Amino acid sequence: MAIGTAGYTAMLCVLALEDGGVDPVDGDILVTGAAGGVGSVAVSILSNLGYRVVASTGRPQEAEFLTKLGAAEIVDRRELSEQGAPLQRER
Ligand SMILES: NC(=O)c1ccc[n+]([C@@H]2O[C@H](COP(=O)([O-])OP(=O)(O)OC[C@H]3O[C@@H](n4cnc5c(N)ncnc54)[C@H](OP(=O)(O)O)[C@@H]3O)[C@@H](O)[C@H]2O)c1
């Protein structure tokens, strides 16, 4: 009850990633909708599990909140939806 359905959902997502073999040593992990209910709990859980979390948000004013939750990097969600440049570094 304390973590709510959003927290429960976030944990199920993290368990599914682990079941799929995703590991902190594989590199950065991206959380979209990071400032939302599910996303913010996911940022916290993943960061506590040792992942380097990149938080994508449409609300850059929430950067401090996301950093406090454990996000190592904040990206504007537009950066992920716009077409990249030719020969851009793959990420
Ligand atoms: N909460 C639950 O118990 C629960 C349970 C099962 C499934 N779900 C599903 O999980 C998802 C997130 O739920 P939530 O409760 O966390 O909702 P939420 O608090 O409203 O968060 C959704 C987040 O999505 C991002 N977003 C909004 N418009 C967007 C757009 N046009 N493009 C890209 N991102 C956008 C925003 O993130 P930023 O603010 O960071 O920009 C927003 O905070 C939903 O699809 C929901 O149906 C939720």
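Start with α1 and α2, which are oblique to each other; angles under 35 degrees would be roughly parallel, over 145 roughly antiparallel and 65 to 115 roughly perpendicular, with the rest oblique. This is a predicted model, in which local features need pLDDT of at least 70, side-chain atom pairs count only at pLDDT 80 or more, and totals for chains, interfaces and linings use all residues. For selections, residues are numbered from 1 along each chain as its sequence is written.

**The helix pair.** Two packed helices are described by the angle and the distance between their axes. Here the axes come within 8 Å and cross at roughly 50°; axes are lines fitted to C-alpha atoms over the stretch in contact, with angles from 0 to 180 degrees between N-to-C directions.

Next, select Ala6, Gly7, Thr9, Ala10, Met11, Cys13 and Val14 of α1, then Gly37, Val38, Val41, Ala42, Ile45 and Leu46 of α2: these make the contact (C-beta atoms, placed from the backbone, within 7 Å). Colour them by class, and ten are nonpolar, three polar and none charged. Ala, Val, Leu, Ile, Met, Phe, Trp, Tyr, Cys and Pro count as nonpolar, Asp, Glu, Lys and Arg as charged, and the others, Gly among them, as polar.

**The ligand.** Now select the ligand, which 14 residues surround, each with its C-beta atom, placed from the backbone, within 6 Å. Thr5, Gly33, Gly36, Thr57 and Gly58 are the closest. The shell holds eight polar, four nonpolar and two charged residues. At least two of its residues come from α1 (4–19), and at least two from α2 (37–48).

**The whole chain.** Zoom out to find four helices and three strands, in the order α-β-α-β-α-β-α from the N terminus. These are DSSP runs: H or I of at least four residues for helices, E of at least two for strands. The C-alpha atoms fill a box of roughly 45 × 30 × 20 Å along the principal axes.

How values were computed. Two residues are in contact if their C-beta atoms, placed from the backbone, lie within 7 Å.
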